[in-house]
Amino acid sequence: MNIDAQLVEEAKKGDSDCFSRLYELVQDDLYKYALYALGNAHDAEDVVAETFLEAFRGISKLREPSAFKSWIFKILSIRIKRRISHYIKEKKQMQIEDFIADPALQMDGMDASVIARTDLLQAMETLSTQERMILTLSVLYGYTTKQISQMLHSPHGTVSSKLHRSLKKLKSQLEEKEGDANEPSNPR
């Protein structure tokens, strides 16, 4: 989806209706990305709202109208990183390892899809923030590596190689998990 440069120019001049239309064009992508990165709807809504407030205040400083989408994703990424840092500092998030270690929650009552999702989340944790971002934008949202490189202000070759390495890492982690699950348990 291309953002109309004239719409961005008018928003830069203070036209709130044009900014609202820009918001409507990108809100779904931003929300989906935030939801995936943060894991809960409430925080995703908060960071998207904060992103739009910051973007509304700062749009007059945007130099290139064609860079609007990458610019607003950059703001969102910073907001997400801050929220994740807050999670870590406050330690309010239950670690996946804690969930898995609880014998009451072991395999008996767990659906296979929940286990697979947990394995995927654990495998994703082995990736750097930038690798997760590139992978998410590519796999979940269908952006090309060229579009992602523009959004992240990174060289196209770097984005392509990071995507390839991330997919390889993820596949390796998931295969390792699958191998562990298929090994017979050692009875005592």
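The model is predicted, so local features need pLDDT of at least 70 and side-chain atom pairs count only at pLDDT 80 or more, while totals for chains, interfaces and linings use all residues. Residues are numbered from 1 along each chain as its sequence is written, and side-chain values use heavy atoms, with hydrogens and water left out. The protein has 9 helices and 0 strands. Helices (H or I, at least four residues) and strands (E, at least two) are DSSP runs, numbered from the N terminus.

**Overall make-up**

- From the N terminus on, the order of elements is α-α-α-α-α-α-α-α-α.
- Of the 188 residues in the protein, 35% are buried. Buried means under 20% relative accessible area, exposed means over 50%, and partly exposed lies in between (1.4 Å probe, protein chains only).
- The protein exposes about 12200 Å², and carbon and sulfur atoms supply 51% of this area. Accessible areas come from the Shrake-Rupley method with a 1.4 Å probe; for residues, only the protein chains shown count as cover.
- Among contacts in the protein with a separation of 6 or more, 63% are between residues 24 or more positions apart. Contact means heavy atoms within 4.5 Å.

**Helices H2 and H3**

- Helix H2 (residues 16-38) and helix H3 (residues 41-58) cross at roughly 145°, and their axes come within 9 Å. Axes are lines fitted to C-alpha atoms, for helices over the stretch in contact, and angles run from 0 to 180 degrees between N-to-C directions.
- The H2 and H3 crossing is right-handed. A crossing is left-handed if the near helix is turned anticlockwise from the far one by less than a right angle, and right-handed if clockwise.
- On the H2 side, the contact residues are Ser 16, Phe 19, Tyr 23, Val 26, Gln 27, Leu 30, Tyr 31, Ala 34, Leu 35 and Leu 38. They meet Ala 41, Asp 43, Ala 44, Glu 45, Val 47, Val 48, Phe 52, Ala 55 and Phe 56 in H3.
- By class, the contact of H2 with H3 comprises 15 nonpolar, 2 polar and 2 charged residues. Ala, Val, Leu, Ile, Met, Phe, Trp, Tyr, Cys and Pro count as nonpolar, Asp, Glu, Lys and Arg as charged, and the others, Gly among them, as polar.

**Helices H7 and H8**

- Helix H7 (residues 129-140) packs with helix H8 (residues 145-152) at an angle of about 135°, the axes being 10 Å apart.
- H7 and H8 are therefore oblique to each other. Angles under 35 degrees count as roughly parallel, over 145 as roughly antiparallel, 65 to 115 as roughly perpendicular and the rest as oblique.
- The crossing of H7 and H8 is right-handed.
- H7 contributes Met 133, Ile 134, Leu 137 and Ser 138 to the contact, and H8 contributes Ile 148, Met 151 and Leu 152.
- This contact of H7 with H8 holds 6 nonpolar residues, 1 polar residue and no charged residues.

**Ser 149 and Ser 154**

- Ser 149 lies in helix H8 and counts as buried because its relative accessibility is 8%.
- Neighbours within four places in sequence aside, Ser 149 is in contact with Ser 154, Pro 155, His 156 and Val 159.
- The C-alpha atoms of Ser 149 and Ile 134 are separated by 8.8 Å, with the two 15 residues apart along the chain.
- Ser 154 sits in the loop between H8 and helix H9 (156-182), and at 17% relative accessibility it counts as buried.
- With neighbours within four places in sequence left aside, Ser 154 is in contact with Gln 130, Ser 149 and Val 159.

- Lys 171 is in helix H9 and counts as exposed, at 53% relative accessibility.
- Lys 171 and Leu 120 are 51 residues apart along the chain, and their C-alpha atoms are separated by 9.6 Å.
- Glu 176 is in helix H9 and counts as partly exposed, at 48% relative accessibility.
- Glu 176 is 53 residues from Ala 123 in sequence and 9.8 Å from Ala 123 in space, C-alpha to C-alpha.
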